[in-house]
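Okay, thanks for coming, everyone.

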Amino acid sequence: MNNRAALLSEKAYFVRLCMEGESCLKSQKKKRTVCQKRCLLCLQAVLLACVLFLSGCSKMTQADIQFTTGLGEHELFKIGHEVCTQQQAAVLLASQRNSYEAVYGDGIWKIPVGGRDFEGVVLDSMKALLAQMKCMVLMAEEYEVTLPEAEKRRIREAAAEFCQSADTKELADAGVTEDDVYQVFYEYRLSNQLIDELTRNVDIEISDNDARIIQVQQIFFSTVDAEGNSVSQEEKETKYERMTAIRQRIDSGEEFGKLAEIYDTSQQTHFSIGRGEMPQVYEDIVFALEDGEVSDIIETDAGFYLVKCLEDYDIDATQVHKEQMGAVKKKDAFSQLYDTFTAGLTSEFNQSAWEQLSMSGEGKITGADFFRIYRNYFEAQ
């Protein structure tokens, strides 16, 4: 059976969770509520699922997977001739488990997220990452991308550090050897090397104007009710009159920031804004403001705004945004190559072996921290 061979079909689901998380986080203010925890976790799960910044390359549905008993007892899935084992998965799962529990405690796994518990979300995102790595190992063979011997030696050192920092007995109980750890580091590094080499000549030139980030304060009155419907014309006119009165007080010398604290209804008044993030009418007016300048009343479908420009060109934030926009260009270019390559791959999935994996039960490996060690060895160069 020919499949997309990424073994995870829920990328859109994670993106939706991310959007829900951002919306909920913006509605909170300095309170570490359960809702806020859930939103943070959703956002982190999305980042995890996209850790190799692939987009649009996991279109396989549950029905597309070829379930099989032909794999070994500890073999989770096979894509082409590449096999992922429980031991390889344990390296990443244990690392993520330690990271989450260090911040949120071991109760996070049963927090409901999108109709299921958070443990299921993270397991699925790890499945995506593992499958993408295996696909990219095959892709590296096709494009003759390899790692130099010096890199392999560093990978061996990284694997040794992982094993030295992890609990020896728990590693043995999980059946994880240094060779298993080496293989995961090797494939993760090779995957990133593949991306770098295949996108090296992609034009990522972004103008300062396109990437420009500005800092603003704003006062916002919503003209939409809790169900998303527009309020009455009479209520709109009342809110416009209130905003007009505030604008007159600003003209008379009252401090914008203090008025924003009193009257703004969004619970957040200071924003960093880039192009394309707000309605066009808002963007056209606000991006034309100079430092210290206050806009006239801006009306959008969402409501009325008064905006003060604090900084019309945030140099540091603009540079970061430019790099992010360049990364998106590279991602899009790589995704096209990836989609074409994976279209002809075959895959097999061992459901019973996968169901033995857990984030909350047995299998904890104290001290395991794959991503920290990887960053130290390969991103801090």
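This is a predicted model: local features need pLDDT of at least 70, side-chain atom pairs count only at pLDDT 80 or more; totals for chains, interfaces and linings use all residues.

The protein chain has 14 helices and nine strands. Of its 381 residues, 47% are buried. Now take the contacts between residues at least 6 apart in sequence: 80% of those join residues at least 24 apart.

Okay, helix 7, which covers residues 178-198.

One of the things helix 7 meets is helix 14, residues 370-379. As a reminder, you describe two packed helices by the angle between their axes and the distance between the axes. Here the axes of helix 7 and helix 14 come within 12 Å and cross at roughly 55°. That angle is why we call helix 7 oblique to helix 14. And the hand? The crossing of helix 7 and helix 14 is right-handed.

Which residues do the touching? On the helix 7 side you have Val184, Phe185, Tyr188, Arg189 and Asn192, and they meet Phe370, Phe371, Ile373, Tyr374 and Phe378 on helix 14. By type, the contact residues come to eight nonpolar, one polar and one charged.

Now the two buried residues. First up is Gln132, which sits in helix 4, residues 118-143. Buried or exposed? Gln132 has a relative accessible area of 2%, so we call it buried. Gln132 and Tyr338 are 206 residues apart in sequence, yet their C-alpha atoms are 9.6 Å apart in space.

The other one is Glu101, over in helix 3, residues 86-104. Glu101 has 15% relative accessibility, and because the cut-off for buried is under 20%, Glu101 counts as buried too. What does Glu101 touch? Leaving out residues up to four places away in sequence, the list is Asp106, Trp109, Met359 and Lys364. Glu101 also pairs up with Ser360 in the distance list: they're 259 residues apart along the chain, with 9.7 Å between their C-alpha atoms.

That's it from me, thanks.

Terms used
Residues are numbered from 1 along each chain as its sequence is written. Side-chain values use heavy atoms; hydrogens and water are left out. Helices (H or I, at least four residues) and strands (E, at least two) are DSSP runs, numbered from the N terminus. The expected span of a helix is 1.5 Å times one less than its number of residues. Axes are lines fitted to C-alpha atoms, for helices over the stretch in contact, and angles run from 0 to 180 degrees between N-to-C directions. Angles under 35 degrees count as roughly parallel, over 145 as roughly antiparallel, 65 to 115 as roughly perpendicular and the rest as oblique. A crossing is left-handed if the near helix is turned anticlockwise from the far one by less than a right angle, and right-handed if clockwise. Contact means heavy atoms within 4.5 Å. Ala, Val, Leu, Ile, Met, Phe, Trp, Tyr, Cys and Pro count as nonpolar, Asp, Glu, Lys and Arg as charged, and the others, Gly among them, as polar. Buried means under 20% relative accessible area, exposed over 50%, partly exposed in between (1.4 Å probe, protein chains only).
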